[in-house]
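Please keep the sequence and the model in view while reading.

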Amino acid sequence: MSKDNINDTEAGPAVPEGQKDSLSSFVATLASFSGDLSSLTCPSFLLSSVSLLEYSQYWGDHPKLFASISKGQTPEERLLNTTRWFISTLFGSYSSRSTTAGMEKKPYNPVLGEQYFAQWTGDEETGDTVLKAEQVSHHPPIMGFHLENKKAGVILEGHCGQKSRFAMPAGIDVSQTGHAIVTVPQFNEHYLITLPNLNIRGMVTGRPSVELSGTTYIVSSAGLLTTIEYSTKGYFSGERHSFKATLKPIDGASAFYTAQGVWSGVSNFTNVKTNATSLFFDSDADKSVAPELKPQAEMGDMESHKLWSQVTKAINTKDYATASRVKAQIEDAQRTLAKARKEKGETQADALQVFDLVSEDNDETGKAFQQLKSKLVAAVGNKALKEDDTKPHWRLRQ
């Protein structure tokens, strides 16, 4: 198996020669477009050479922290471990590409049924961590993911979609729909995790970057709640990418832990009872672990690396005309398949091979979601969770 690092490593000029008119036209289209921007075609030089589905690998960036969730001796310690692991996923998800390449690029829109599989081989203490992901919906675009470490007894399940809109003067605001649920069977505990808002800025200069804003929550079935506030202007620490987390009983009692700092750098946490402060997470010292992938020759046709290989090759060689042409061919083929499904009376769920569409009323994790959602909404209001109107759920096919 090969190691996979999906970050672009060549910064290069912000806008390649010959592409400035394309950028200007795209920004003008953004400004005049009404509705969700996901349907717009992005200039090829702003495309990342990976599929958005591959971003699911960031949940597993720190497999030891993921495995540590079940090692907490108390519900409070397990919530702290869950919060630390979640913060550790943010750098890879939202900042690593800007750090290495100097800019954020738009990933390919995954096609329905597209798949991504990865593994992190651990030591005897940690165990292996396995990721399975699939694009479970194209309209609206939603990915399903399942991350599991059997030895540690920690499971992550969930789905994520994006709704984007133009933001003055020349940016994009992305509202992430969906959620993640961590299950720790040993303690019969579940943790519902909500997803942050994204603010993409720098479109005019051709060097987009991502900031997080708003508030996310981690609510545990043990009656505990983490509230994480994000600042785009360094309100908490004087630096960009800052956050402040408060861990407390959901019934409103006093906090037992707090954490704050920079989610793309160093943060510390404080035990409120003892007033002792320690390192929470350091993205520079605790580097992400690249996942292991099968050789491309052994991949199925719907696996991301194989599906988009010709587009990726063209982008990496700066052959943007070929990249646009091959990308359009893939997308046109998907439209043909969608038309055929409609004529047969089939749904998007009929195209899936890895995940099943389930009713939350008949699914154990779905029932846990309902209970945790009710607790969260009662504590902080309906703003806490953004779900698609149909509130679908997908689970790994058994």
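Lys318 lies in the loop between H6 and H7, where helices (H or I, at least four residues) and strands (E, at least two) are DSSP runs numbered from the N terminus. This is a predicted model, in which local features need pLDDT of at least 70 and side-chain atom pairs count only at pLDDT 80 or more, whereas totals for chains, interfaces and linings use all residues. Residues are numbered from 1 along each chain as its sequence is written, and side-chain values use heavy atoms, with hydrogens and water left out.

The axes of helix H6 (residues 309-316) and helix H7 (residues 320-344) come within 8 Å and cross at roughly 165 degrees, the axes being lines fitted to C-alpha atoms, for helices over the stretch in contact, with angles that run from 0 to 180 degrees between N-to-C directions. H6 and H7 are therefore roughly antiparallel to each other, since angles under 35 degrees count as roughly parallel, over 145 as roughly antiparallel, 65 to 115 as roughly perpendicular and the rest as oblique. The crossing of the two helices, H6 and H7, is left-handed, a term used if the near helix is turned anticlockwise from the far one by less than a right angle, with right-handed used if clockwise.

On the H6 side, Gln310, Val311, Ala314 and Ile315 meet Tyr320, Thr322, Ala323, Val326, Lys327 and Ile330 of H7, contact meaning heavy atoms within 4.5 Å. The residues of this contact divide into seven nonpolar, two polar and one charged, where Ala, Val, Leu, Ile, Met, Phe, Trp, Tyr, Cys and Pro count as nonpolar, Asp, Glu, Lys and Arg as charged, and the others, Gly among them, as polar.

Within H6, the residues Ser309, Val311, Thr312, Ala314 and Ile315 are buried, and what covers the buried residues of H6 includes E2, strand E3 (106-108), helix H5 (304-307) and H7.

An unreviewed UniProt entry carries the annotation "coiled-coil region" for residues 323-350; such annotations may be inferred rather than shown by experiment, and UniProt positions are given in the numbering used here, with feature names shortened. In the model, the chain over residues 323-350 is 79% helix and 0% strand, and the end C-alpha atoms are 29 Å apart.

**Buried residues in helices and strands**

Ser51 belongs to strand E2 (residues 47-51) and is buried, with a relative accessible area of 0%. Leaving aside neighbours within four places in sequence, Ser51 is in contact with Pro107, Tyr108, Pro110, Glu114, Ser304 and Trp308.

Arg78, in helix H3 (residues 75-94), counts as buried at 4% relative accessibility. Not counting residues up to four places away in sequence, Arg78 touches Ile69, Gly72, Gln73, Phe187, Glu189 and Tyr191.

Thr270 sits in strand E15 (residues 266-271) and is likewise buried, with a relative accessible area of 17%. Beyond the residues up to four places away in sequence, Thr270 touches Phe256, Tyr257, Thr258, Asn275, Ala276 and Thr277.

**Backbone features in loops**

Most residues other than glycine have a negative phi, and most peptide bonds are trans.

| Residue | Backbone angle | Loop |
|---|---|---|
| His241 | positive phi, about 65 degrees | between strand E12 (224-231) and strand E13 (242-249) |
| Pro140 | cis peptide bond with His139, omega about 0 degrees | between strand E5 (129-137) and strand E6 (142-149) |

His241 is buried, with a relative accessible area of 8%.

**The protein overall**

The protein has eight helices and 19 strands, and buried residues make up 54% of its 398 residues. Among contacts between residues at least 6 apart in sequence, 59% join residues at least 24 apart.

Notes: Buried < 20%, exposed > 50% of the residue type's maximum accessible area, 1.4 Å probe, protein only.
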